[in-house]
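Good morning, and thank you for coming.

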Amino acid sequence: MKERQYKAPKRQWGSIIYRCRWAVAIAWVFFIVVLGTFAVRTPSLLQDSGFTPTGSQSERGIAFLEENLDMSAASLDIVLQSTEGKNLTASEAQDRIWEELAPLRDKPFVQDMYASMVTRKAGEDGIISYTVLLNETASEALKHFDEIKAAVPEIAGTETYITGNLAVYHDMSAAVRHDIVRAESFGIPAALVILLLLFRTLPAALLPVVIGVGSVAVTMGGLYFVAANGAALSNFLPNMVTMLGLAVGIDYALFMVSRFREELAEKDVPGALAAACRTSGRSVLYSGAAVMAGLLALCLVDLPIFRSLALGGMLVVLVSVLAASTLLPALLGILGRRIFSLPIKLGRSHADGAGYGSKAWVRLSEWIMSRPGIIAAVVTLALLIAMLPSLQMKLGIPSAEVLPPSYESRYGAELMKKAYDMKEANSIMIAAELDRHYEDSRSVRLVKSYMTMLEELPGVHRVESYAGYIKGEASGVSPELKSEIEKRHAAKGRAAVIVVVPEEGESSPNTVRLVREIRQHPPEGMHIYVTGSPAYKLDIMDRIQSGIPYVLAVVLLLTYIILFAAFRSVLLPLKAVAMNLLSIGASFGLVTLVFQLGYGAEWLNVTYTGSVFAVLPILIFCVVFGISMDYEVMMLSRIVEAYKMERNNERSTAIGLQRTGGMITGAALILAVVAGAFMFTDNELMKALGLGLTASVLIDVTVVRILLVPSLMKLLGKANWWLPGWLSFLAKKGEGEAPGENARP
């Protein structure tokens with residue numbers, strides 16, 4: 001087709017970028033290079049898991065015990081396993097081990113060290129554990145954890161493993177750095193291959209990769225300065241930024257490059273660039289807004305991890321939109337028709353690599369238009385069936401289980417479970433603030449009375465406190481007993497700790513009920529904080545569950561508003577929201593099958609614990625809901641554009657499917673390989689997020705976007721474009737006009 005000269009208005013965004021293309025490109029290269037040098041250092045600054053329920057009763061209880069009983073928030077468990085099958089619990093062996101550990105006890109960062117006081121299991125004498133309390137905060141200890149770890153001596157005849165929350169956090173940070181390299185080394189080449197198959201030319205395939213990688217580099221570099229200024233950011237953040245940045249950055253650039261190449265068939269370079277920015281460029285803005293709306297809703301859950309992931313996610317999406325709206329048009333303007341150079345011969349080529357108007361998509365659209373009712377019913381039923389496993393979903397909070405057994409902290413934790421009664425190790429701790437000194441006879445009687453009441457509660461195995469060491473109604477405590485009590489951090493001044501060992505595990509429903517029961521019936525004469533691992537995890541769960549209704553409401557409402565602003569239709573946004581809920585529900589079913597029920601867990605190297613990580617459903621919902629809207633916006637934009645010209649609902653729907661089917665499929669495959677790469681990393685949270693995102697997107701683009709959406713468009717007919725009379729003032733000039741688009745020249 002002969003090129004038609006097209007002079008875009010000077011004030012159009014594409015025209016402005018074209019005139020300043022070299023300045024824009026040079027500025028972006030400068031930012032990518034400078035911030036990229038800081039980006040590689042960002043993961044090492046992020047040591048916080050982000051799960052601390054700040055201000056909760058469990059968190060205040062821990063602070064009370066640290067301040068009043070000199071308990072340390074930073075501790076290690078040194079687990080020793082005999083390599084010769086010898087009994088490490090014998091007094092001779094313990095004396096030898098204690099002597100060999102002497103250099104560690106003398107270190108300035110060690111507050112106290114003792115053999116684990118948790119009840120041992122029979123027949124596991126070849127395993128022994130020592131608890132090391134540090135005289136610094138967890139964040140301070142993590143900054144020089146390698147030094148602390150190096151100070152732990154090798155014990156003759158044993159294998160030494162360092163575990164505990166501090167070691168798990170350190171290994172999680174190491175896993176994050178390793179995971180990013182692994183995911184990028186697979187995801188980026190795989191995305192490039194798909195782009196080559198779509199575009200069949202090297203420059204067109206490379207541009208989206210440049211935008212994706214550049215967006216991640218700029219975002220991670222910016223987060224370095226946020227973390228360096230003391231902001232507590234979750235160590236899961238780099239994975240989230242990398243996954244989202246590569247996925248949306250490449251997808252947005254794919255949409256823009258595809259439209260630019262299509263417009264070049266009729267226009268010169270400035271005109272094609274202006275048209276691409278006016279059409280796909282505006283669609284990218286709406287898509288980015290939809291993704292950011294989902295991520296913004298994460299802030300409604302009162303946990304640092306959600307705020308961290310929301311911050312990183314929104315920032316990388318914003319940078320991706322800016323890069324797709326400025327850097328990419330500048331590069332397209334510089335390349336011009338050289339976008340078609342360096343062709344890659346991979347069989348038959350189409351008018352454009354995205355397969356616009358290919359016979360396969362034409363036949364598919366005709367097939368869908370001929371039987372929309374049957375297709376809509378079958379697809380909806382299949383998705384509802386796929387949701388069924390999610391009805392059995394049980395939420396939980398893992399600890400070392402977020403890491404594979406190959407990590408020292410995870411393996412050490414497994415040895416602890418093997419040799420010790422973990423119900424006792426993870427017992428409920430009641431931080432008690434007494435009216436009088438703990439030695440006072442009234443305080444002793446009060447604590448004993450409270451212990452008796454606790455022992456009568458269902459689900460209690462036993463109760464321990466300093467008062468249990470005092471016989472009868474003794475009015476005083478001997479100097480020897482006082483020394484032993486304070487050495488064990490059991491009581492000091494007007495503070496004491498009461499330990500409740502539950503009959504079942506920390507996540508058992510009975511243990512959860514026990515924590516709630518204790519909190520609901522505080523004793524008279526003392527103020528208590530119920531803490532310990534069961535209470536801590538319960539507070540995390542409560543915050544997640546209390547935030548879910550608000551997250552759902554905000555995501556659904558904001559998404560509807562954004563799509564309504566884009567398409568000026570009442571039913572199109574409503575249908576889009578319903579379609580997303582179906583695809584997300586189906587992905588929840590798959591996540592439940594793998595991570596809770598264990599189907600395919602071995603293949604993914606997943607340790608299934610009978611529950612799903614509690615942060616996953618809300619995280620998958622917010623991320624996937626926004627990203628899925630990308631494809632909805634791109635498809636509906638072309639359908640609306642065609643409807644404006646054709647005034648025929650069925651034909652417009654068919655044209656929209658034909659012109660976007662290949663592009664959307666390619667974009668979804670790219671997102672699937674980028675997110676899917678995280679399924680094979682060492683972080684259970686990112687494994688599950690990668691699986692949920694990949695499954696949801698593939699379901700969305702294969703059965704929802706390609707089959708269900710067009711069939712419903714056909715069934716709804718003119719109702720798709722309905723706008724109540726009292727909202728007619730919102731209609732754009734030219735009914736049915738795509739967001740930000742004018743009639744094509």
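**A walk through the predicted model**

Leaving aside neighbours within four places in sequence, N135 is in contact with P108, F109, V110 and Q111, where contact means heavy atoms within 4.5 Å. This is a predicted model, so local features need pLDDT of at least 70 and side-chain atom pairs count only at pLDDT 80 or more, while totals for chains, interfaces and linings use all residues. Residues are numbered from 1 along each chain as its sequence is written, and side-chain values use heavy atoms, with hydrogens and water left out.

Let me stay with N135 for a moment. N135 is found in the loop between β3 and α7 (138-143). The helices (H or I, at least four residues) and strands (E, at least two) are DSSP runs, numbered from the N terminus. With a relative accessibility of 43%, N135 counts as partly exposed; buried means under 20% relative accessible area, exposed over 50%, and partly exposed in between, for a 1.4 Å probe and protein chains only. N135 and E602 are 467 residues apart in sequence, and their C-alpha atoms are 40 Å apart in space.

I turn now to the sheet that contains β3. In what order do the four strands of this open sheet lie? The order is β2-β3-β1-β4, and the pairing is antiparallel. Two strands are said to pair if DSSP finds at least two bridges between them. Strands of a sheet pair through backbone hydrogen bonds, either parallel or antiparallel. The edges are held by β2 (110-115) and β4 (158-163), each with a single partner strand, so one side of each is left without a neighbour in the sheet. On average, neighbouring strands of this sheet are turned by 20° against each other, direction ignored.

Within this sheet, strand β1 (residues 75-82) pairs with strand β3 (residues 127-134) in the antiparallel sense over seven bridges. L80 stands opposite I128 in β3. Helix α9 packs on the sheet and touches β1, β3 and β4; its direction makes about 90° with that of β1. For such angles, axes are lines fitted to C-alpha atoms, for helices over the stretch in contact, and angles run from 0 to 180 degrees between N-to-C directions.

R200 lies in the loop between α9 (165-199) and α10 (202-228). R200 has a positive phi of about 65° although it is not a glycine. At 14% relative accessibility, R200 counts as buried. A second residue of this kind is L342, a residue other than glycine with a positive phi near 50°. L342 is found in the loop between α13 (304-335) and α14 (359-370). Is L342 buried or exposed? L342 is exposed, with a relative accessible area of 53%.

Next, the helices. Helix α11 (residues 237-263) and helix α23 (residues 615-646) pack at an angle of about 5°, with their axes 12 Å apart. The two helices, α11 and α23, are therefore roughly parallel to each other, a term used for angles under 35 degrees, while angles over 145 count as roughly antiparallel, 65 to 115 as roughly perpendicular and the rest as oblique. Among the residues that make the contact are M240, L244 and V248 of α11, and L619, V623 and I627 of α23. By class, this contact of α11 with α23 has 10 nonpolar, no polar and six charged residues. Here Ala, Val, Leu, Ile, Met, Phe, Trp, Tyr, Cys and Pro count as nonpolar, Asp, Glu, Lys and Arg as charged, and the others, Gly among them, as polar.

T242 also lies in helix α11. At 1% relative accessibility, T242 counts as buried. Not counting residues up to four places away in sequence, T242 touches I180, E184, V216 and F678.

Finally, consider strand β9 (residues 495-502). How many of the eight residues of β9 are buried? Eight of its eight residues are buried. In a regular strand the side chains alternate between the two faces of the sheet. In β9, A495, V497, V499 and V501 are buried on one side, and A496, I498, V500 and P502 on the other.

Strand β6 (residues 428-434) is joined to β9 by six bridges and runs antiparallel to it, with A431 opposite V497. Strand β7 (residues 460-464) pairs with β9 in the antiparallel sense over four bridges, and V463 stands opposite V500. The hairpin of β8 and β9 has two residues between the strands, and G493 in the turn has a positive phi of about 60°.
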